[in-house]
Number of protein chains: 2
Amino acid sequence: MLSDRQLMILQVIIDDFIESAHPVGSRAISKKDEISLSAASIRNVMSDLEEMGYIEKTHSSSGRVPSEKGYRYYVDNVIAPTVGKSNLYLMKDLIRDEFVDFEKLVQKSAEVLSDLTNYTSIILGPEVFETKVKQLQIVSISEYSAVAILVTDSGHVEHRSFTIPAEISASDLEKIVNILNERLKGVSLAQLPEVITTEVISLMRIYVRDFEKSFKYLQSAFFQDQPVKLYIGGKTNLLAQPEFNDINKVRSFYQMMENEDRVVNLLKTPQHGIKVTIGNENEFDEIKDFSLITASYQLGAEQMGTIALLGPTRMEYRKVITLLNALSNEMTDALYLWYKNNG
Amino acid sequence: MLSDRQLMILQVIIDDFIESAHPVGSRAISKKDEISLSAASIRNVMSDLEEMGYIEKTHSSSGRVPSEKGYRYYVDNVIAPTVGKSNLYLMKDLIRDEFVDFEKLVQKSAEVLSDLTNYTSIILGPEVFETKVKQLQIVSISEYSAVAILVTDSGHVEHRSFTIPAEISASDLEKIVNILNERLKGVSLAQLPEVITTEVISLMRIYVRDFEKSFKYLQSAFFQDQPVKLYIGGKTNLLAQPEFNDINKVRSFYQMMENEDRVVNLLKTPQHGIKVTIGNENEFDEIKDFSLITASYQLGAEQMGTIALLGPTRMEYRKVITLLNALSNEMTDALYLWYKNNG
DNA sequence: TGTTAGCACTCTCATTACTTGAGTGCTAAT
DNA sequence: ATTAGCACTCAAGTAATGAGAGTGCTAACA
């Protein structure tokens, strides 16, 4: 347990370092208004804090820098209790606007979030598996090609074009669509593949000549992979951070960000609420110099998606956590309202 | 006009520099198999070339580096005549696969192109202005919201969700859709806004009560901006180039690439065929250290889109130009075939 | 007994000096 | 016209130096 004095000084060191990115020395601390101790006394405290592992030196005679353990303590014991009290109105503005399109909203949120923080924001779109098919439709473009359009009850639209094999006539196609529509309406996207392979296939076999071929095409057009939507904002923001002066860091960072799967895995967390991962706490090597803060937004008890901010370990935790908290609440509220309207 | 000897040496310098990124000295040149002159003689030639502006020194006693004028000469007089002879089969493979979806094709092309060259590829999707409305449809999601879906005769799908204002009934909405469909079918996207404001409005006024409000919503859902589709591949490739060791270059480059409008403007060229822009020849400051090679792919006489590669001025022009040429031809062919099928 | 002034010590960082090697330009000989 | 030879230039790496920031420890102080 830290004494009041130790806590105070740890806090000053972290706050100062977060702002300046330079190691903090005892003399600098003693000059702060809120500190009325001499540099020498502070040195004693710092020595204690270092022994306990909360701060460290970059070299034998340098000032002190927060360690990951230090940040962790700061996040858990200094910031956490104060979150939730202050409410952010910027976010409200963002969401209050007519809720036209969920994707737009998420995209915009990512943008705002990165602008506000100067870090990189990552938002994982809502899980679409639980949404249900509202309508399936095929618009034929020509004799040889058509577009299949799938609309879900959440207003999500997926579409694929595909070529119509010569053996299938226009009337066959129409039959297929009718069957599919009848049987698939209300089926959740997660169940889709299963329902198709069991029920629909037998139905189709009765009505449609040469159905295997038709089916193959439709399936290739639609039911393989339901990609997770990923929105990234402010990828260049981190370039402005001084810890990014090493070009190799830049390389490995951007290489990681280009790999969507990797980024998605980064955010997949079973946990609700805010989660802070500092430096090596993270399991991915590429971001062992970063901190990642994730928050989930949800609909009822069911998790929907994740918002995250990625920045240096020297991150403005207080600001970021408050912000993320507010945004995830707003999004949860918005989703709830919207869902209610869509009964 | 350059003498044979001068041309030969210029070529050696450029080839060597493109490969190594280091200034090329007279002694190094004289050691090449294809050169049978002493270093001293080469120095004389180099001195001439420098005076003419084709090469330059990085400092008073360094080897020579191609100038932009040098690259320009190389591209115009050394490479141009040899292009078109060699045909690339990799590209064919790419395009020969079932032409399922134009967007997929373009995206894949961007990827392959950047992998093959280690530069950054940028592809501008086909201009959709000339494509025509095939069908407009509105799927209502709930009492309060709906999705509008627009399918064009090129198989392109646009969709927006919007909220239905309380004053508009379901039957009104149906009427609106019917009217829109009837009048808009076959109208090109470019004409869309005009047709709507002239013809459709008056029609709607007759049939639909309180139409101004409905119209406003539909319009906001659709007819404002038709975004150009942009595909970028291998954004991180350039990071591997030695000229990218300056972190500030990295910053300004990535900042530019995040601005879609800027990138689109970069590629908008009235010219058909291959166009090479070297360093300062380009009007955008951010890429004055880069070379940009663009090729258009087309349908008939009508330009459709642009493929481009962005790399350091020290670029493998020969390879890149050949590649781009092949790809743009393949894409043009593919589009032609496809259009014929959709006659 | 906790606090502080004082001082020797350590390490980084910026500056300067030195060395080496690659490359040029010129001149004189071939 | 070509080339060998040589003096000269510059970049880049390395070593030496000094200043500045900061620490740790000890002894004096309230």
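A polar side-chain atom of A:Arg43 sits 3.3 Å from a base oxygen of DNA strand C. The model is predicted: local features need pLDDT of at least 70, side-chain atom pairs count only at pLDDT 80 or more, and totals for chains, interfaces and linings use all residues. Residues are numbered from 1 along each chain as its sequence is written, chains are lettered from A and ligands numbered from 1 in the order in which they are written, and side-chain values use heavy atoms, with hydrogens and water left out.

**DNA strand C**

| Protein atom | Atom of DNA strand C | Distance |
|---|---|---|
| A:Arg43, polar side-chain atom | base oxygen | 3.3 Å |
| B:Lys57, side-chain N or O atom | phosphate oxygen | 2.8 Å |
| B:Ser62, backbone N or O atom | sugar or linking oxygen | 3.5 Å |

Two elements give two or more residues to the surface near DNA strand C: helix 3 (39-52) of chain A and helix 3 (39-52) of chain B. Helix 3 of chain A gives the most, with four residues. Helices (H or I, at least four residues) and strands (E, at least two) are DSSP runs, numbered from the N terminus.

Which residues come nearest to DNA strand C? Of the 19 around it, they are A:Ser41, A:Ser60, A:Ser61, B:Ser26 and B:Lys57. A residue is near the strand if one of its heavy atoms lies within 4 Å of it. The surface near DNA strand C has three nonpolar, 11 polar and five charged residues. Here Ala, Val, Leu, Ile, Met, Phe, Trp, Tyr, Cys and Pro count as nonpolar, Asp, Glu, Lys and Arg as charged, and the others, Gly among them, as polar.

**Chain B against chain A**

Chain B brings 42 residues to the contact and chain A brings 42 residues. Contact means heavy atoms within 4.5 Å. The buried area is about 3,600 Å², with 55% from carbon and sulfur atoms. That area is the accessible area (1.4 Å probe) that two parts lose on being put together, summed over both. Seven residue pairs are in polar contact between chain B and chain A (both at pLDDT 80 or more); within protein, one atom must be able to donate a hydrogen and the other to accept it, and residues adjacent in sequence count only if both atoms are side-chain atoms. On the side of chain B that touches chain A, strand 4 (133-140), strand 5 (145-152), strand 6 (157-163) and helix 10 (247-258) of chain B each supply at least two residues. That side has 16 nonpolar, 17 polar and nine charged residues.
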